[in-house]
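I opened this entry to work through one chain, piece by piece. I kept notes on sheets, cores and charged pairs as I went.

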Amino acid sequence: MNTEETAPLRFDIGGMRCAACSARVERVVGRMEGVVGVSVNLVSAGARVWVTPGREESLTAAIVERVAALGFSASPAEEDDITKALEDAAAREQAQSIRQARRLLGMAAFSLPLLVLSMGHMLGLPLPHALAPHGAPRSFMLAQLLLTLPVLWLGRHFYSAGFFALRRKSPTMDSLVAVGTGAAFFSSLITTLAGLLGNDPVRRAMELYYESSAVLLTMIELGRFLEARARRKAADAMGALLRLAPETALRLAPGAASAAPVEIPSREIKKGDTLLVRPGSRIPADGVVLDGKSAVDVSLLTGESLPLAVVPGDKVVAGSVNGEGALTMRAENVGGQTRLAHIVRLVRQAQESKAPIARLADRASYYFVPCVMLLAVLSGLAWLVFSQEPYTTALAVFVAVLVMACPCAMGLATPMSVMVGSGRGAQLGVLVKNGAALETACRLTVLALDKTGTLTVGRPVLEAFYGPEGAIFDESFCLTLAAALEARSEHPLARALVAAARERALPSCQVDEVEISPGLGIRGRVSFNGGVWLTVIGSAAFLRERGVPLPDAPVLARVAETGRTPLLLALAPDGDASALVLAGIFALADALRPESAAVVARLQAQGVRTVVLTGDNESTARVVAAQAGLEEVHAGLLPGEKADFVRRLQESGAVVGMVGDGVNDAPALATAHVGMAVGSGTDVSAEAGDMILMREGLGGVLTAVALSRAVMRNIRENLIWAFGYNILGLPVAAGLLHVFGGPMLSPVLAGGAMAFSSFSVVMNALRLRFFTPAPWLK
């Protein structure tokens, strides 16, 4: 079963500390009966589970129980109100941060004196005679023990989680910390008891490793605290989007336009409410302008730099900023149904998804912890058996290897970059639906472009009407029927006819039995002036299929040669299909987007082969393509044929991207390795695409490709650091340098290096927050 065809169950997972944790949850849940696919994200602490249709309810409870049995918590994620869900999650994270800060301060309050007490005499720091290791060894040992116990208590979560995972035979990062610091503590405790009983207390006082236990726990806790703060910054893209929505709104009473508006919380807005938006205020809901004129700034929402002029009848979206004019609007989409909420939902979906490159780190992390534990035991035994060093050296090596290992860095390398990159993309007007698309976009070798609405502005206008020789229908009659039928379509050419009819104040008509053939045309019955007309509008091929004779081939050629699109109209009185005749030809022109030629040139300079796939006739398509600098044109394609062409390119080994905006582009968008849907297009194309380009124009394609390259470069940097750190650090922790006369790595320094490793990966990923497209993209 294709997981993309079913909606996943979402869970918030608590207690995951490292990549070994997320890999364990993913493997165990993935093996459950009825589970089709599962993706667990360490950074977002979430899981998406695809299950067999019809088993959602039963498996939800089973998954919660199974995850709990692993030592983690799982709760179904809130889906209905994305805003509330994210606010609740932020509140939980804030509370957790406060608890973590308090715990860290307590641990530091005891660890710092312990560090001075245990290491101060080595650094020349004087100690009171009552605590000096040579003058009062028993007091020295007891003081260290008393300072260590509170730290162990405050850090008890390491032991509860770590030893629980060991009992379940699924060791994690906490297991490494628990075993390493526990071994150091109990060895020191035994040494302390021996010293207190009079067994050479001065020598015993010099063989303590309490600081390795307490200071290590404190440093690891500090690393996690800093890492958590950095991760919250990484997720701030969604917070920034949520903050676009105002907390309050001004509601007008129905039928009382002169009454004063009432301020209400935005949560209480209902569909159909009449709202007043004052100059400079943010729009609280998606809706339609009823009264007033203004310019609306949507730059923070889509990246579009120029304000959009709005008049009565225009649509506005929540989160945009009203300009200098007051607006009265009717709310249509509120709460979790607004476009802003949809954008936030897509960003979260992308941040929770996994890029294919993450599988390498996941596989390594799953086996990493057991291998490190084995290496620690073998290293310690080797020093104990084959060297003349005291047993404390073997203990130090054992602890250093355990705490030096860092599966966290490997697990964070990819999801952190995807999280920050997808959030930055949303700010730049590129909505990324999944990590796979973000990874693939940088490797595109072929980019297929739709013509209408993609290369062109998508707002064609009616320029001319040609009646056949001996025409019996005038232009107004034909446009009236055509516009009435085309009002049922979302195609840009259809909107052009509807707009032309509106400008001429032509009457509306009743329409029945509408049939739309995407990429070809539309037919239906239109009632006008007491009669019923079978009306067929579309391409020449569409009319030929219905037996309509087309005697005006020269006219069609002349229209196409000028870069205009011919739209043919056939009519039959009384709905008689056998009586269909050509009534006229509409010539529609759609201007090339001003940036199309520059974007195409830039893509070609980057080695990307660019092709045009369009359902329009070849003559028109070639004229438009030539203006954009494109030579390869494939015209007259049906939606399925566009998808077939993309499939053939893929079979030849090409990595194919598709850019489109209409229903007829949806199959090709879904088939391509990366489908980029133009945000001004239809909902169907947006759903089929892997990315949604919110900005007006083709510049978003270049932004998407550049962002993908930046994210992948960042991921590779993280992976090189994470794997390189462990590959180089573990031999040093095992005493390799000491074998050749070098120093032995202190467990405290090993723990500090481990904490720095994961923190540095997070900080490197955060650099993507400042990613800015090159000047030629703007």
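Is Val705 buried or exposed? I looked this up first. Val705 has 7% relative accessibility, so I log it as buried. I keep in mind that this is a predicted model.

**Entry 1: around Val705**

I placed Val705 in helix 26, which covers residues 699-733. Next I asked what it touches beyond its sequence neighbours. Setting aside residues within four places in sequence, I found Val705 in contact with Ala441, Gln606 and Met676. Leu438 is 267 residues away from Val705 along the chain, yet their C-alpha atoms are separated by 8.4 Å.

Then I took helix 26 as a whole. I count 35 residues in it, and the span from first C-alpha to last is 50 Å. After helix 26 comes Gly735, and its phi is positive, near 95 degrees.

**Entry 2: the nonpolar cores**

Which residues touch the most other members of the largest nonpolar core? I got Val659, Met676 and Met691, out of 135 residues in that core. Helix 26 is the top contributor to this core, giving 14 residues. Met676 I had already met as a contact of Val705.

I listed the contacts of Val659, not counting residues up to four places away in sequence. Among them are Leu447, Leu449, Asp450, Thr454, Met676, Leu693 and Val701. There is also a second, separate core of 29 residues. Ala483, Ala496, Leu497 and Leu588 are included in that second core. A general reminder for my own use: in soluble globular proteins, nonpolar side chains tend to be buried together.

I traced an open sheet of 6 strands in the order 16-21-20-19-18-17, and its pairing is antiparallel. On average, neighbouring strands are turned by 25 degrees against each other, direction ignored.

Strand 17 and strand 18 (residues 521-528) run antiparallel and are joined by 6 bridges. Here Asp512 stands opposite Arg525 of strand 18.

What packs on this sheet? I found helix 17 (residues 475-486) there. It touches strand 16, strand 17, strand 18, strand 19 (531-538), strand 20 (565-573) and strand 21 (581-589). The direction of helix 17 makes about 115 degrees with that of strand 18.

I traced another open sheet, with 7 strands in the order 14-26-25-24-15-22-23 and mixed pairing. Strand 14 (430-432) and strand 23 (632-634) are its edge strands, each pairing on one side only. The twist averages 20 degrees from one strand to the next.

Strand 22 (residues 609-613) and strand 23 run parallel, with 3 bridges joining them. Val612 has Val633 in strand 23 as its bridge partner.

**Entry 3: salt bridges**

How many salt bridges does a search of the whole structure find? I got 13. I went through some of them.

Glu463 forms a salt bridge with Arg564, with the closest N and O atoms 3.8 Å apart. Glu463 lies in strand 16, and Arg564 sits in the loop between helix 20 (553-561) and strand 20, so the pair ties together parts that are 101 residues apart in sequence. Arg564 has a relative accessible area of 13%, so I log it as buried.

Arg523 pairs with Glu515 in another salt bridge, and here the closest N and O atoms are 3.4 Å apart. Arg523 counts as buried at 15% relative accessibility. Glu515, in contrast, counts as partly exposed at 45%.

Glu618 and Arg622 form a salt bridge too, with the closest N and O atoms at 2.9 Å. Both lie in helix 22 (residues 618-628), 4 residues apart, about one turn of the helix. An α-helix has 3.6 residues a turn, so residues three or four places apart point the same way. I log Glu618 as partly exposed, with a relative accessible area of 43%. Arg622 is partly exposed as well, with 36%.

Technical notes. Residues numbered from 1 in each chain as written. Predicted model: local features only at pLDDT ≥ 70, side-chain atom pairs only at ≥ 80, totals over all residues. Heavy atoms only, no water. Helix = DSSP H or I, 4+ residues; strand = E, 2+ residues; numbered from the N terminus. Buried < 20%, exposed > 50% of the residue type's maximum accessible area, 1.4 Å probe, protein only. Contact = heavy atoms within 4.5 Å. Pairing = 2+ DSSP bridges. Axes fitted to C-alpha atoms, helices over the stretch in contact; angles between N-to-C directions. Core = buried A, V, L, I, M, F, W, Y, C linked by side-chain atoms within 4.5 Å. Expected span 1.5 Å × (residues − 1). Salt bridge = Lys/Arg side-chain N within 4 Å of Asp/Glu carboxyl O.
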